[in-house]
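Please keep the sequence and the coordinates at hand while reading.

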Amino acid sequence: MKQRIIFLAMLCAWCLCISAQVKVVAHRGYWKTSGSAQNSLASLIKADSIGCFGSEFDVWLTADGKLVVDHDKTFKGMNMEENTLKEIRTIKLDNGETLPTLDEYLRCAQKQTTLRLVLEMKPLSTLYCEDEAVKKIVKALKKYKLLDRTDIISFSINACIQFKKALPDTKIYYLNGDLWPYRIKALGLAGIDYSMSDFQKHPEWIKEAHEQGLEVNVWTVDKEEDLRYFISQGVDYITTNEPELLQRLLE
Ligand code: MG
């Protein structure tokens, strides 16, 4: 009986330990709530107000070399790479905000104190454009003194490598799910930020990444059973459109 109690106590402590490690990242901000929209300033403020660990958002370089925050390459009739900032700024988000520039987004983030920014740089049509975007993003993060609160993610391995060169102390994660953890380690990146389906194909990558000293983020996990599965697997971060549900499961 005594042994059984000790075993159960150890099991509870282990479960708590795993749960405590998982950090909640709001995907495109916290947008599934009134007055918000994906990648809006409101979604950033709302992710902070509900106590998320981090808030993810997407960045493009416009035809005239400006940085804007948006997910889809073509959105409301504008192409992020082929239209100018002035043209793109005619877009109204679903909550009535004008589509934000990265400058506006970072100025908004400066008002918060602990929320981590998870900045995704979108893959661009040429390596030259990507290198330009990397330089401009680095400059903006330095200007707003947000480097110590920002992690960077990208599907572009070129962008990841360029960021690593420019910002050796910043955590950079690769998104594309086609590189084994040891390859990510060799590139000096902080970890893997792969889709649920990548981890369904390669469940061993979570353990392998941790053995390499890498961190593991999984996207985009919204269903309760999937959230519970990845909590049980001991991932470091879960990126979700349902941050409040994940918070409840972690309580
Ligand atoms: Mg994204």
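This is a predicted model: local features need pLDDT of at least 70, side-chain atom pairs count only at pLDDT 80 or more; totals for chains, interfaces and linings use all residues.

## Packing of H10 and H11

Helix H10, which spans residues 224-232, and helix H11, which spans residues 243-250, have axes that come within 10 Å and cross at roughly 50 degrees. On the H10 side the contact is made by Glu224, Leu227, Arg228 and Ile231, while H11 contributes Leu245, Leu246, Leu249 and Leu250. Sorted by class, this contact has six nonpolar residues and two charged ones, with no polar residue taking part.

The buried residues of H11 are Pro243, Leu245, Leu246, Gln247 and Leu249. Their cover includes H10, and also S1 and strand S11, the latter at residues 237-240.

## Packing of H5 and H6

The crossing of H5 and H6 is right-handed. From H5, the residues Leu127, Glu130, Asp131, Val134, Ile137 and Val138 meet Asn158, Ala159, Gln162, Phe163 and Ala166 of H6. By class, the contact between H5 and H6 has seven nonpolar, two polar and two charged residues.

Most residues other than glycine have a negative phi, and two exceptions deserve a look in the coordinates. Asparagine 39, although not a glycine, has a positive phi of about 60 degrees. This asparagine is found in the loop between strand S1 (23-26) and helix H2 (41-49), and with a relative accessibility of 3% asparagine 39 counts as buried.

Lysine 76 likewise is a residue other than glycine with a positive phi, here near 50 degrees. Lysine 76 lies in the loop that runs between strand S4 (74-75) and strand S5 (78-79), and at 46% relative accessibility it counts as partly exposed.

## Cysteines without a bond

How many disulfides does the model contain? With a disulfide taken as a pair of cysteine sulfur atoms within 2.5 Å, the count comes to zero. Cysteine 129 is in no disulfide, and the nearest cysteine sulfur, which belongs to cysteine 160, is 17 Å away.

Is each cysteine buried, partly exposed or exposed? Cysteine 129 is partly exposed, its relative accessible area being 22%, whereas cysteine 160, at 1% relative accessibility, counts as buried.

## Threonine 126 and lysine 185

Threonine 126 lies in the loop between strand S6 (116-121) and H5. With a relative accessible area of 37%, threonine 126 is partly exposed. Threonine 126 and lysine 185 are 59 residues apart along the chain, and their C-alpha atoms are separated by 26 Å.

Notes: Residues are numbered from 1 along each chain as its sequence is written. Side-chain values use heavy atoms; hydrogens and water are left out. Buried means under 20% relative accessible area, exposed over 50%, partly exposed in between (1.4 Å probe, protein chains only). Axes are lines fitted to C-alpha atoms, for helices over the stretch in contact, and angles run from 0 to 180 degrees between N-to-C directions. Helices (H or I, at least four residues) and strands (E, at least two) are DSSP runs, numbered from the N terminus. Contact means heavy atoms within 4.5 Å. Ala, Val, Leu, Ile, Met, Phe, Trp, Tyr, Cys and Pro count as nonpolar, Asp, Glu, Lys and Arg as charged, and the others, Gly among them, as polar. A crossing is left-handed if the near helix is turned anticlockwise from the far one by less than a right angle, and right-handed if clockwise.
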